[in-house]
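Please look over the fold shown here before reading the notes, which take the chain as a whole and then turn to a pair of helices and a few backbone details.

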Amino acid sequence: MAARRLTALTLTAGAALLLTSTPAVAEPKPSLEQVQRQVDDLYEEAEADTELYNGLNEKQEQLQATAGTLQQQVATRQDQLNRLRETLGAVAAEQYRSAGVDPTLRLMLTADATEYLDGASLQDAATATQADTLRLLTTQQKRFDQLRDETAGRLAELDQARRAAAAKKQEVQAKLAKVQTVLNGLKAEDRAKVVAGTAGGAAASRSVTARLPYSGPATGRVKDILTFAHAQLGKPYVYGAAGPNSFDCSGLTLRAFAAGGISLPRTSQAQYAAGKKIARDQLQPGDLVFYYDDLHHVGIYLGNGRLLHAPRTGKTVEIVPYDVMPFAGAMRY
């Protein structure tokens, strides 16, 4: 029996030794094409977050302006209340100096009947004025309290918007940092291919980044828009940027349309909602083209199937075929 137990223990120990001594199977190294897809996906996620960040930042600016206006109104109301309180305080002080003698009795003790009548009239007027001042003070205090509450609410919203924008900014930075980590693990030659978007046998880029003047047929404000946009070719994409030295996608369209006298909202989604929807086969130079289901990318249509846009981190403002990304819609302004 003891021999059998010893044999069993020996076999168990041997099996354990075999299991622990088996070399670990290494994870297969991703192909360059897989790395390209990973990087592209991270860049798209970062750009989508960038547009959300832009929206939160715009909301923050609007709330800041509103809160500033409300704070000025609160200060004005406070000054009005102070002046009304001073008026009532002067009346109370006069009553104290009169030792509480009823004003009507004091008037009756005067020797001159005419003076009595004039004084009575003035006293009635003073009493009415005092009552009006008190009513005005009550009304103004109520308005002041409402205004102060509204201001506190806006300031709370502003604080929340700031926190949300800061959190979204951190998300963008985290995704870009992850991209950089992936790129740092590549050889210089492979890294250059991934950055250019040509890794894994992808077609060579057909983009144009040389800064060249617009020479197309557009006139008027469309020409002004396209002239400005062409002048930005080659400038880097930077998330949250709206010029003059760098842009994200909606920052570029925002500034280009401003050059044509058209005010656009800050984010690509808001820009999509602000225009007149047009069909794909109706595109004309100066129209905005939107991409992806969540509309997180936008560019300016130039005509002849070409698009001018700020693509993503690591690239510059360029001209590409307008169908290089999933088309979501187009707008005219």
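Helices, of at least four residues, and strands, of at least two, are taken here as DSSP runs and are numbered from the N terminus. In this predicted model, the protein chain holds eight helices and six strands. Read from the N terminus on, the elements run α-α-α-α-α-α-α-α-β-β-β-β-β-β.

**The chain as a whole**

- The protein chain has 333 residues, of which 33% count as buried.
- When contacts between residues at least 6 apart in sequence are considered, 67% of them in the protein chain join residues at least 24 apart.

**The packing of H6 and H7**

- Two packed helices are described by the angle between their axes and by the distance between the axes.
- For helix H6, residues 220–231, and helix H7, residues 249–259, the axes come within 7 Å and cross at roughly 135 degrees, which makes H6 oblique to H7.
- The crossing of H6 and H7 is right-handed, and the contact is made by Asp224, Ile225, Phe228 and Ala229 on the H6 side and by Arg255, Ala256, Phe257 and Ala259 on the H7 side.
- Sorted by class, the contact of H6 with H7 has six nonpolar residues and two charged ones, with no polar residues.

**A cis peptide bond between the two helices**

- Glycine 243 and proline 244 are joined by a cis peptide bond, for which omega is about 0 degrees.
- Proline 244 has its place in the loop between H6 and H7.

**Positive phi at residues other than glycine**

- Leucine 295, although not a glycine, has a positive phi of about 60 degrees, and this residue is found in the loop between strand S2 (288–291) and strand S3 (297–303).
- Is leucine 295 buried or exposed? Its relative accessibility is 15%, and because buried means under 20% relative accessible area, leucine 295 counts as buried.
- Asparagine 304, also a residue other than glycine, has a positive phi near 55 degrees, and asparagine 304 lies in the loop between S3 and strand S4 (306–309).
- The relative accessible area of asparagine 304 is 75%, and because exposed means over 50%, asparagine 304 is exposed.
- Taken together, leucine 295 is a buried residue, whereas asparagine 304 is an exposed one.

Technical notes:
Residues numbered from 1 in each chain as written. Predicted model: local features only at pLDDT ≥ 70, side-chain atom pairs only at ≥ 80, totals over all residues. Heavy atoms only, no water. Axes fitted to C-alpha atoms, helices over the stretch in contact; angles between N-to-C directions. Parallel < 35°, antiparallel > 145°, perpendicular 65-115°, else oblique. Left-handed = near helix turned anticlockwise from the far one by under 90°. Contact = heavy atoms within 4.5 Å. Nonpolar A, V, L, I, M, F, W, Y, C, P; charged D, E, K, R; others polar. Buried < 20%, exposed > 50% of the residue type's maximum accessible area, 1.4 Å probe, protein only.
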